[in-house]
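Visitor: Please take me slowly through one part of this protein, starting from the whole and ending with a close look at a single side chain.

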Amino acid sequence: MNSDSDLSIAGDILEVQHLLQPARPHPSTVAEFAGLARAVAADRAHWAPLVRYDTTTRWYHRLRTVPRGIGPGGAGELPLGYELWLLSWVPGQGSGRHDHGLSSGVLTVLEGELTEHTERGTHTLRPGAQRVFAPGYVHEVVNDSLEGAVSLHIYCPGLTDMPMHTAQCSPATQNPVTA
């Protein structure tokens, strides 16, 4: 090995504990919220027993609510305030075109397949797929498959408003399930 390499100078980066950042108690960046969603997704034993499929209405379950922190503190020390929601989707169920008010979010598919429609196009979302969105992001999510699906949604701040939008496509191209 070249004696001037970074590894020979610094050693194994995984063994240099002082260079590693400690995990924050609460996410405060988009990447940290996406990481939280991946961690929850990986803990199937926690969320899978909670899932219910309902053919008459969309099923959802609030997994966690973290209120906004109050008081002094540095960045990342106090929670921004966020919620985690678990949703199930039977074949044909959809959200309708909507945004999330003042909330930003992360949508992660845990099981099955979902289709997201936006003004930029249509995206097929399979397990592990994540969509990150800011306030005002308009989309529609639909289970176009023949199997049930499960998704995790994180909203920051917690979801207080979900304005619905009318479809902007011609009647001949509207999805009969969501029209």
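Guide: Let's begin with a contact, which means heavy atoms within 4.5 Å. Among contacts between residues at least 6 apart in sequence, 72% join residues at least 24 apart. This is a predicted model, in which local features need pLDDT of at least 70 and side-chain atom pairs count only at pLDDT 80 or more, while totals for chains, interfaces and linings use all residues. Residues are numbered from 1 along each chain as its sequence is written, and side-chain values use heavy atoms, with hydrogens and water left out.

The protein has three helices and eight strands (DSSP runs, H or I of at least four residues for helices and E of at least two for strands, numbered from the N terminus). Along the sequence they follow the order α-α-α-β-β-β-β-β-β-β-β. Of the 179 residues, 34% are buried (under 20% relative accessible area, with a 1.4 Å probe and protein chains only).

R97 is buried, yet it has no salt bridge (a side-chain nitrogen of Lys or Arg within 4 Å of a carboxyl oxygen of Asp or Glu). For R97, the nearest side chain of opposite charge is E140, 6.1 Å away (Lys and Arg count as positive, Asp and Glu as negative; His and the chain ends are not counted). What does the side chain of R97 reach at 3.3 Å? The backbone oxygen of T166 lies at that distance from the R97 side chain.

Technical notes: Buried < 20%, exposed > 50% of the residue type's maximum accessible area, 1.4 Å probe, protein only. Polar contact = N/O pair within 3.5 Å; in protein donor to acceptor, adjacent residues only side chain to side chain.
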